Amino acid sequence: MILLDFNIIAPAIGTIFWTSLIFILAYFIIGKLGFKPIAEGLKKRESDIDNSLRAAEKAREEMSQLVAKNEELLAEAREERSAMLKEAKEIKENMIEDAKIQAREEAGRILDAAKEEINNQKMAAITEVKNNAGKMAVSIAEQIMRKDLANGDGQQAFVSKLIDDFKLN
Amino acid sequence: MNAYHPNKAKVLHFGSFRCLPKTLQKQGNTATKMYIFAAIYGSVSFTKRKSISEMLKNQLNRLFFCVFALFVSVSAFAGDTPDLKPGETYNPTPDILHHIADANEYHLFGDVSIPLPVILYAPDQGFTFTMSNAFHHGENSVDGYVMYHGKVYRAEKGLSKDGKVDIKKVEKREYYDADSVLHSEMIAIHEGGETKLESSSTLMSFTSFYDFSISKIVAIMLIVLVVMAVLFIPIARKYKSRDGKAPTGVQNLFEVFVVFMTDEVIKPIVGPRYMKFLPFLLTLFFFILFCNLFGLIPFIGNPNVSGNIAFTLALATIVFLVVSFSGNLDYWKHIFWMPDVPVPMKIFLAPIEVIGMFAKPFSLMIRLFANITAGHIVILSLVSLIFIFGQLGESIGGASVGAVLAVLFVIFMNIVELLVAFLQAFIFVVLASLYIGSAVEEHAHH
């Protein structure tokens with residue numbers, strides 16, 4: 001009975017009416033103008049974040065691909081460089097080797113030529129000596145013929161003098 | 001004889017809302033509250049109702065309460081109520097029940113009340129529009145209507161249906177009939193004699209008139225409506241004006257709630273069509289939450305909005321209508337002709353499911369009403385400790401002990417109630433989502 005005296009468990013008609021009216025108003029004003037745009041804004045932000053995350057992931061992938069490509073290129077270049085260096089070294093060595101051989105050959109040739117020349121000169125000199133010695137012998141013999149060959153000592157001195165005078169030209 | 005004067009005797013409670021310790025979140029307070037609820041009602045029949053009004057006749061207590069008004073705001077008590085006789089104890093029940101009920105005027109403290117529009121309709125008299133202060137706190141009638149304890153009643157016979165008549169007194173008479181059933185009558189005593197009063201129509205008893213007034217809780221609902229509009233519409237605009245930017249300020253504060261309710265509750269429970277129901281469910285959540293919180297703000301009369309059964313009935317009915325109108329064929333099939341069970345079972349299940357259809361919104365209604373009302377009752381009961389311990393001013397020592405205890409418990413309870421305010425709004429929306437979710441669910445055919 002006491003409970004019924006107070007309107008706490010008896011739903012008052014007016015309050016039901018006003019609560020329904022105010023709540024429906026709240027739904028149409030705040031629900032439509034407030035929560036709907038808020039929810040849509042949040043959803044949009046969510047999809048925006050999602051999209052940008054996906055884009056970032058894609059960019060990162062592309063970046064890593066690019067980096068891998070760069071590395072590949074770099075490695076290739078490095079390899080090429082070392083190959084080139086190696087080649088150059090080989091060429092250099094070959095050139096040196098060739099030059100050495102060539103020089104040796106040239107030197108040999110020059111030496112040979114020199115030897116031949118020396119030989120030739122030697123032969124020429126010997127021939128000349130031979131010729132000169134012959135001439136000298138003939139000339140000495142001539143002069144001796146002409147001079148008195150009585151005096152033995154005098155002859156010897158004379159011959160010596162002739163030999164001294166006879167310059168081996 | 002009950003003749004307390006709640007217009008002039010009012011207890012407000014104080015709360016500190018700054019922090020909510022995690023340990024409190026495990027409070028299973030509903031059971032406790034209902035126990036106290038029951039205990040208060042149980043005690044009613046054994047103790048005589050008594051006024052707290054004479055307590056400030058004691059000068060020392062007046063001083064004492066000035067000090068404690070810092071912690072527990074207690075208004076001035078005055079009135080022509082009889083004094084507490086020796087041996088009688090103070091019974092807080094009438095004050096508490098008056099506080100948690102709705103009223104046609106907004107009583108703040110002492111003699112200060114905010115007048116509210118009174119709109120009355122009687123089929124034989126038509127509409128009556130007036131303001132609550134036209135009744136002068138029940139000192140005169142207006143067009144045959146009498147105000148008693150902030151509530152408008154209609155005189156049955158013998159009171160002029162036109163203009164004002166001075167009312168000397170309103171009495172509540174209780175008597176037992178031949179079957180020992182307690183009846184109570186409200187009698188207005190005026191120049192022309194005595195007239196029986198009747199209260200406005202409720203769903204439980206239809207009387208000769210309907211009260212469509214902007215009552216205390218309707219006024220708070222209107223304030224909540226304005227607060228929500230002022231809060232959420234500019235926030236919604238910010239999502240356009242600050243598109244792509246991080247939320248700031250009040251937008252950030254409420255985004256936490258909106259995102260939590262959307263992502264953790266509504267989206268997983270309602271299912272793929274949740275966007276259609278999101279505005280409704282979020283409006284429901286914040287409407288209940290703000291009404292709950294308005295009841296906790298100290299010094300503004302602590303209106304018991306969401307603890308009013310008409311309020312919860314209206315919201316539960318709206319949820320019921322939304323569920324019923326959005327229910328797909330599967331939903332109705334599962335109620336009236338349960339698939340995949342034998343025919344006798346189908347016949348057996350149908351009435352159970354039909355009862356369940358109504359039991360769901362009924363549980364929504366009772367849960368919110370009982371939790372919020374119980375919270376208000378517990379807090380008021382604790383405040384009443386001061387008067388119970390103090391024996392209405394006879395014992396200053398008792399009142400001191402009561403005040404110290406009351407302050408500590410009321411602070412504690414207010415923090416718990418703050419949790420309950422959020423929790424009950426949350427639970428209401430979780431269950432409403434669940435019911436909507438079951439109504440729009442697409443069943444994979446077995």
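Biologist: In which sense do strand E3 (residues 117-122) of chain B and E11(B) pair, and over how many bridges?

Modeller: The model is a predicted one. In chain B, E3 (residues 117-122) and E11 pair in the antiparallel sense, and two bridges join them. At the residue level, B:Tyr121 stands opposite B:Tyr210, which belongs to E11(B).

Biologist: What is the strand order of the sheet that holds this pair?

Modeller: The sheet is open and has three strands, in the order E4-E3-E11 of chain B, with antiparallel pairing.

Biologist: Which strands stand at the edges, and why is one side of each left without a neighbour in the sheet?

Modeller: Strand E4 (126-131) and strand E11 (210-211) of chain B are the edge strands. Each has a single partner strand, so one side of each lacks a neighbour within the sheet.

Biologist: Let us turn to the chain as a whole. How many helices and strands does chain B have, and what share of its residues counts as buried?

Modeller: Chain B contains 10 helices and 11 strands. Of its 446 residues, 43% count as buried. Sequence separation may also be considered: among contacts in chain B between residues at least 6 apart in sequence, 71% join residues at least 24 apart.

Biologist: Into which domains is chain B divided?

Modeller: The assignment gives domain 1 (1-112 + 214-446) and domain 2 (117-213). Between them, 10 residues of domain 1 of chain B are in contact with 11 residues of domain 2 of chain B. The domain 1 side of this contact comprises three nonpolar, six polar and one charged residues.

Biologist: How is a helix pair to be read, and at what angle do the axes of H5(B) and H10(B) cross?

Modeller: One reads the approach of the axes, their crossing angle and the residues that meet. The axes of helix H5 (residues 249-270) and helix H10 (residues 396-440) of chain B come within 7 Å and cross at roughly 30°. Angles under 35 degrees count as roughly parallel, so H5(B) is roughly parallel to H10(B).

Biologist: Which residues meet there, and how do they divide by class?

Modeller: From H5(B), B:Met261, B:Val265, B:Ile266, B:Ile269 and B:Val270 take part. Their counterparts in H10(B) include B:Val429, B:Ser433, B:Leu434 and B:Gly437. By class, the residues of this contact are 10 nonpolar, two polar and no charged.

Biologist: Finally, how many residues of chain A are in contact with chain B, and which element of chain A gives the most?

Modeller: The contact involves 37 residues of chain A and 51 residues of chain B. On the chain A side, helix H1 (2-5) and helix H2 (13-146) are the elements that give two or more residues. H2(A) gives the most, with 27 residues. By class, the chain A side has 25 nonpolar, eight polar and four charged residues.

Notes:
Residues numbered from 1 in each chain as written. Chains lettered and ligands numbered in written order. Predicted model: local features only at pLDDT ≥ 70, side-chain atom pairs only at ≥ 80, totals over all residues. Contact = placed C-beta atoms within 7 Å. Helix = DSSP H or I, 4+ residues; strand = E, 2+ residues; numbered from the N terminus. Nonpolar A, V, L, I, M, F, W, Y, C, P; charged D, E, K, R; others polar. Pairing = 2+ DSSP bridges. Axes fitted to C-alpha atoms, helices over the stretch in contact; angles between N-to-C directions. Parallel < 35°, antiparallel > 145°, perpendicular 65-115°, else oblique. Domains from an automatic or database assignment. Buried ≥ 20, exposed ≤ 12 C-beta atoms within 10 Å, placed from the backbone.
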